[in-house]
Structures are given as C-alpha cells and as structure tokens.
Amino acid sequence: MFQAQRTFRFAPSPNGALHLGHIYSALCNHEMAKASGGTMLLRIEDIDRERCKPEFERQIFEDLHWLGFAWPEPVRRQSEHLADYSQALQRLRERGLVYPAFLTRRHIREAVARAENAGHVWPRDPDGAPHYPGTERNMSTDEIEQAFKSEKSFAWRLDMQKALRTAGQSLSWNDTGAGPALETGLIAAEPDRWGDVIIARKDTPTSYHLSVVVDDALQNVTDVVRGHDLFHATSVHRLLQVLLELPQPAYHHHPVLAGKDGRKLAKSQGDTAISALRERGTTPLEVIHLCETTARV
C-alpha cells in the first residue's frame with residue numbers, strides 16, 4: 001500500500017540569534033525525518049515586522065549550514081504569503097467566528113483589576129495571561145463601522161465559545177512526545193483555556209496561531225515536532241484546523257532546553273547563541289553533543 005512521504009519542518013523566527021534550544025529542535029526534526037525516510041523543511045516565521053530582521057535571517061542560514069543541515073528550496077517566508085492568511089481570516093469572518101477587539105492592554109489590566117478587587121476570579125490562559133473581556137462580541141454592524149472609522153488599533157479575536165459550538169466535536173491529538181507535565185498519548189484539546197485568542201491584527205492579517213496551521217496545511221506537513229512550551233497552544237491549532245477544514249498532522253513535543261539558572265533558553269542569552277559558540281572555536285559536532293547532553297540534564 002502506498003504511503004505518502006512524511007514531512008517535518010523547522011520554523012524559526014528571525015528576531016534574534018539561534019541558540020542551543022533551537023538547534024535541539026532542528027535536530028529532533030532532522031532525526032525523525034531521517035528515521036522515517038521523510039523530509040525536513042525550513043520555514044521562516046517572520047510576520048513580526050518590528051522584531052524580525054534580514055540580518056537575523058542570514059545568520060539562521062549561516063548557522064544551520066555550518067552545522068550541516070540541508071533543506072529543500074525554496075524556503076517559505078511567512079511575510080511573502082500574507083494573502084494566504086488573509087483568505088483564511090476572511091473565511092472565519094464570513095462565518096461570524098471572529099470579532100474586532102479594540103481594548104488596549106491597559107484597558108484589559110484595568111478590567112481585570114476591577115473584577116479581582118471585587119472578589120471575582122478572572123480566568124487566565126496556560127501562559128498566565130488574563131482572558132480578553134470580550135466587550136465587543138455583541139457590537140452591532142453600525143458600532144463596528146464607527147469603530148473602524150475612528151482608526152483605532154484593533155485585533156481580530158476568535159469568539160471561542162461560538163467557535164467551539166461551530167466545531168461541534170470533541171477535539172484531541174496524539175502526542176508521541178510529552179507536554180510540560182509529561183502528558184503524552186491521546187490528549188484532549190482544551191482551546192477554551194485560552195479565551196478569545198488573537199487571530200490577526202489590523203495591519204497584519206494573521207497571528208502565530210493562524211499562520212502556523214495554514215502553513216502546515218499548504219506545505220503538507222505531516223509531523224509537527226516542537227518544544228513543549230507550545231504544547232497547550234496545540235489545542236487552539238486543533239480548533240482552527242477543524243474550523244478551516246485543514247488536515248491534522250501528528251504531534252511530538254520535546255523538552256525545552258534550560259540554562260544554568262533553570263530557565264528556558266532565550267535569544268537574549270548570548271552565551272548559548274550558535275554564533276557565540278562558533279566564535280569561541282566550538283566545532284559543529286561539539287555543538288550537537290552539547291545540545292544532546294543539555295537535553296538529558
């Protein structure tokens with residue numbers, strides 16, 4: 001029986017230098033693709049126009065080539081495919097599943113503070129951020145038009161409860177890795193834990209959640225291998241896949257490498273940047289070994 005080739009992807013954002021944590025993720029994708037006879041794609045996730053820089057993208061290519069990675073061309077850059085995300089957003093808009101949200105972060109903080117000061121428990125997402133109040137969910141068409149004309153900044157947010165009713169099914173995914181609390185196997189998706197997540201912004205017709213599911217579908221990605229810091233976000237991705245009638249890939253969440261202080265490695269920590277290791281004379285094999293030993297700690 002014919003079996004389609006499995007496709008994996010490593011998808012860094014060019015908003016800083018690659019560090020050991022990124023390379024460990026690339027290694028996991030590369031090794032799993034190799035073991036299955038599949039392919040690993042490189043994708044550049046550069047929708048953040050303020051933080052993503054061409055020099056960081058060039059550094060990504062240099063670091064990966066230096067380490068011996070290879071990938072099919074052309075490389076997909078999200079900034080070159082905004083029309084794909086805009087089309088997906090329009091489908092959600094036509095079904096009334098998103099609404100324009102105008103509250104600023106300050107307004108959200110004030111609403112949360114008022115509620116909590118009154119003794120109410122305000123729901124928070126898995127990252128600890130408070131849920132959006134949903135003030136504009138029931139705005140009339142005229143009210144929305146007036147808000148648009150005011151040229152206020154806004155974000156398109158998913159009406160989570162309406163989206164769940166529209167999906168009309170229990171959502172889950174199978175994880176061959178593990179989440180932060182070692183969750184593995186069949187995982188029940190809980191997108192409502194995120195509240196009304198941002199799907200797009202006024203000046204950018206997408207968000208991480210929307211672009212990643214659209215990209216994976218358009219690139220025929222069969223296996224999503226990434227750090228367990230994105231484990232809970234998979235619940236939102238499964239919901240969007242159902243709403244947009246996109247295929248469901250297999251998932252594998254791997255450990256996130258930590259620094260000496262026990263915190264997740266970040267691009268601001270220059271001592272673990274691949275470019276810094278190269279300058280100190282570290283060889284590619286030593287970098288690979290360092291990734292593997294750090295992951296076992």
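## Salt bridges

The count comes to 15 salt bridges, a salt bridge being a side-chain nitrogen of Lys or Arg within 4 Å of a carboxyl oxygen of Asp or Glu. The model is predicted: local features need pLDDT of at least 70, side-chain atom pairs count only at pLDDT 80 or more, and totals for chains, interfaces and linings use all residues. Residues are numbered from 1 along each chain as its sequence is written, and side-chain values use heavy atoms, with hydrogens and water left out.

One of the salt bridges joins Glu57 and Arg77, at 2.6 Å from N to O. Glu57 sits in helix 2 (residues 54–67) and Arg77 in strand 3 (residues 76–77). The two residues are 20 apart, and the pair links distant parts of the chain. Helices (H or I, at least four residues) and strands (E, at least two) are DSSP runs, numbered from the N terminus. Glu57 is buried, at 14% relative accessibility. Arg77 is partly exposed, at 23%. Here buried means under 20% relative accessible area, exposed means over 50%, and partly exposed lies in between (1.4 Å probe, protein chains only).

Arg76 has a salt bridge to Asp84, with 3.0 Å from N to O. Asp84 is partly exposed, with a relative accessible area of 25%. Arg76 is buried, at 10% relative accessibility.

Arg76 also forms a salt bridge with Asp215; the closest N and O atoms are 2.7 Å apart. Arg76 lies in strand 3 and Asp215 in helix 7 (residues 208–218), so this pair ties together parts that are 139 residues apart in sequence. Both Arg76 and Asp215 are buried. Shared partners extend the picture: salt bridges join Arg9, Arg43, Glu45, Arg76, Asp84, Asp215 and Asp216 into one network.

Three strands form an open sheet in the order 1-2-3, and the pairing is parallel. Strand 1 and strand 3 are the edge strands, each pairing on one side only. Two strands count as paired if DSSP finds at least two bridges between them. Strand 1 and strand 2 (residues 39–44) pair over four bridges. Strand 2 and strand 3 are joined by two bridges.

Individual partners can be named. Phe10 stands opposite Leu42 in strand 2. Ile44 has Arg77 of strand 3 as its bridge partner. Arg77 is also the residue that meets Glu57 in a salt bridge. In strand 1 (residues 7–10), Thr7 and Arg9 point one way, while Phe8 and Phe10 point the other way. All four of these residues are buried.

## Helix 2

Helix 2 has 14 residues. From its first C-alpha to its last, the helix reaches 20 Å, close to the 20 Å expected at 1.5 Å a residue. That expected span is 1.5 Å times one less than the number of residues.

The buried residues of helix 2 are Glu57, Ile60, Phe61, Asp63, Leu64 and Leu67. Seen down the helix axis, they fall within an arc of 165 degrees, so they line one face of helix 2. The arc is that of the directions from the helix axis to the C-beta atoms. The face turned away from the buried side carries the exposed residues Pro54 and Arg58. After helix 2 comes Gly68, whose phi is positive, near 95 degrees.

## Cysteines

A disulfide is a covalent bond between the sulfur atoms of two cysteines. The structure holds zero disulfides, the cut-off being a pair of cysteine sulfur atoms within 2.5 Å. Cys28 is in no disulfide; its nearest cysteine sulfur belongs to Cys291, 9.2 Å away. Cys291 is likewise in no disulfide, and its nearest cysteine sulfur is that of Cys28. Cys28 is buried at 14% relative accessibility. Cys291 is buried at 0%.

## Gly185

Gly185 is found in strand 7 (residues 185–188). This glycine is partly exposed, at 22% relative accessibility. Gly185 touches Trp173, Asn174 and Asp175, not counting residues up to four places away in sequence. Contact means heavy atoms within 4.5 Å. Gly185 and Thr204 are 19 residues apart in sequence and 35 Å apart in space, C-alpha to C-alpha.
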